[in-house]
Amino acid sequence: MSFWRRVACAVLLLVVAVSLGASSLAPAGYAKQDREAAGAPPSHAHWLGTDEIGRDRFARVLYGTRISLFLAPAAALISTLLAALVGGLAGYLGGAWARAAMAITDLFLSLPWLFLLITVRALLPLNVSPAFSVLVTFLILGLLGWTAAARVLCATGGSLRNTDFVRQARASGIRGTRLFWIHVLPNMKPVLYAQFWISIPAFILSEANLGILGLGVAEPLPSWGSLLKELEGLVSVGEEPWKFVPLLLLVIVVTSFQLVLSKQDEVAA
Amino acid sequence: MFRNDRVLTDKSQRDALLSAHLSVQYGNKPPVLRGVQLDIQHGEVLGLIGQSGSGKSTLAMAILGLIDRKRVDAQGSIFFEGSDLLTLREAALRSLRGRKIALVLQSPLSSLNPALKIRTQLRETWRAHASGSSADCDSTIRKALESVSLPSDDDFLRKYPAQMSVGQAQRVLIAMAVVHRPALLIADEATSALDVITQAEILKLFRELNQNFGMAILYISHDLASVAGICDRVAILHQGEIVEFGNTQKVLTSPSHEYTQRLLAAMPRMPQASFAAKAAAR
Ligand SMILES: Nc1ncnc2c1ncn2[C@@H]1O[C@H](COP(=O)(O)OP(=O)(O)O)[C@@H](O)[C@H]1O
Ligand SMILES: [Mg+2]
């Protein structure tokens, strides 16, 4: 393992550990409002200052990290499974199935998602409960993010169809569905793992994008997306540098992920 | 009685375990099999010899119903136990595969699933045609492994294909093929990828399985010399047609077709024998 990959691993572990320790590191919590000190700069009581309605920014960053770092792998899991089912199965079946699956993924890739998402958000009630918003964000990410992985898995499925062991299993009279679940799917595991890990940083960024648009996790729950929203009203960069901490953290985590994965890709490929 | 006449008698066809009359064409390409006539008798070892690309595997796949009927044109009939395999529905074919007609492929390590333990693969093969407790399953699996002289302990069953030698892997494949004691075993180049010693062992094993279980074997190979020893009869496939079909001894000693004669002339001789021949000539 190279030096930089080790550093990246350590950084990721540190971020995860600190975010898990949020309740003891920032006992004030992410929702408690300190009206006396709204919009305050960093101080001994509030290390990163407070937001417009007096909530401790340090606590919100920690809890936001926790949510973002939970959402991204969860969405990666659902999108990888979808990709395996749609792409892998269609590729394994081949012929018209594979062509249909590729047509659907093409369609998915070409839809104006931003527009659709804003429409969907507009259709939802204004004040959805925070838990529900987390679920919706997770589903949106997972359901939209599966197409790239599906293409890869379709190719994998196609190459597995023509292997000797699949022919041998078919000649043993094993049923089609069982053949796929028991004999084909386990052979997709290396590709599935690679796709899972690769999509995590992508989903972290997507969640941030949704958050900035106000489509992500709902108040008062923080996430990197909703924390970045604060930067909207910022007049000058030099004025309140502590407001950039969530952005810095996002960049550091995504970069670390890419660094850690850069080698794994080569192994999986 | 030698059966090297090209037209099968009514009786041999009725008594045969399998009798095929088959033409196969992939898409618009020239036909791969052209009116191939073949019968396999109960309990015999029939060798099917032909060079690579002559259509041997195509015949095997046609018998197993594993050729894609939508894209491949297969004409004729393959009678097996009273029904024509070419007209059977997929469900009926599936119930024959592995239970009545089993297959062993050429390269043992790629024919076993690299991601599954030996136990899982054997269990899957059993479950395809049997239901019962896992104790029933395990005892059948162990018997199958013992019949191919493999260990049947848990340590062995926990192995993955990559942890075995090629010879062991080939035996596992054969064990999978005999789990349901099929009436017909198709060995498609099953020993071609093995070194000569392992090859001899596996051929002996096929012979034993044939004698102990009374299982007929269709032994497919490109190499007449290596399989002549275990075959009761051989069929020589050349350019999509059976050019010679009969008792092994007769084909070896008095081949009638020019292709068979060339095939025999190309067979390797023992060095001593050719030495002796040269010495005698001098
Ligand atoms: N699925 C297929 N589609 C098209 N052509 C095929 C297919 N399978 C085999 N062939 C062709 O049929 C011929 C016979 O192949 P095969 O039955 O595998 O021969 P063998 O087993 O004797 O080497 C070859 O020329 C091969 O190219
Ligand atoms: Mg072949």
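These legends describe close-up views of a predicted model.

**View 1. The interface of chain B and chain A.** Contacts join 24 residues of chain B to 15 residues of chain A. About 1,700 Å² is buried between the two chains. Carbon and sulfur atoms give 56% of that area. R94(B), N113(B) and E124(B) supply 30% of the area that chain B buries against chain A, more than any other three residues.

View 2. One salt bridge is found here. Its partners are the side chains of E124(B) and R178(A), at 2.9 Å, N to O. On the side of chain B that touches chain A, the elements giving two or more residues are β6 (101-104), α4 (108-111) and α5 (118-127). By class, this side has 13 nonpolar, seven polar and four charged residues.

**View 3. The shell around ligand 1.** Chain B residues surround the ligand, among them Y26(B), K29(B), V32(B) and Q51(B). The run S52(B), G53(B), S54(B), G55(B), K56(B), S57(B) and T58(B) is also part of the shell. Helix α2 (residues 56-63) of chain B gives the largest share, three residues. The shell divides into two nonpolar, seven polar and two charged residues.

**View 4. Polar atoms at ligand 1.** In the side chain of Y26(B), an N or O atom is 3.2 Å from a nitrogen atom of the ligand. S54(B) places a backbone N or O atom 3.3 Å from a ligand oxygen atom. For K56(B), a polar side-chain atom lies 2.9 Å from an oxygen atom of ligand 1. On its own, ligand 1 has 550 Å² of accessible area, and the protein covers 60% of it.

Methods. Residues numbered from 1 in each chain as written. Chains lettered and ligands numbered in written order. Predicted model: local features only at pLDDT ≥ 70, side-chain atom pairs only at ≥ 80, totals over all residues. Heavy atoms only, no water. Contact = heavy atoms within 4.5 Å. Buried area = accessible area lost by both parts, 1.4 Å probe. Salt bridge = Lys/Arg side-chain N within 4 Å of Asp/Glu carboxyl O. Helix = DSSP H or I, 4+ residues; strand = E, 2+ residues; numbered from the N terminus. Nonpolar A, V, L, I, M, F, W, Y, C, P; charged D, E, K, R; others polar. Near = heavy atom within 4 Å. Polar contact = N/O pair within 3.5 Å; in protein donor to acceptor, adjacent residues only side chain to side chain. Areas by Shrake-Rupley, 256 points an atom, 1.4 Å probe, with all protein chains shown as cover.
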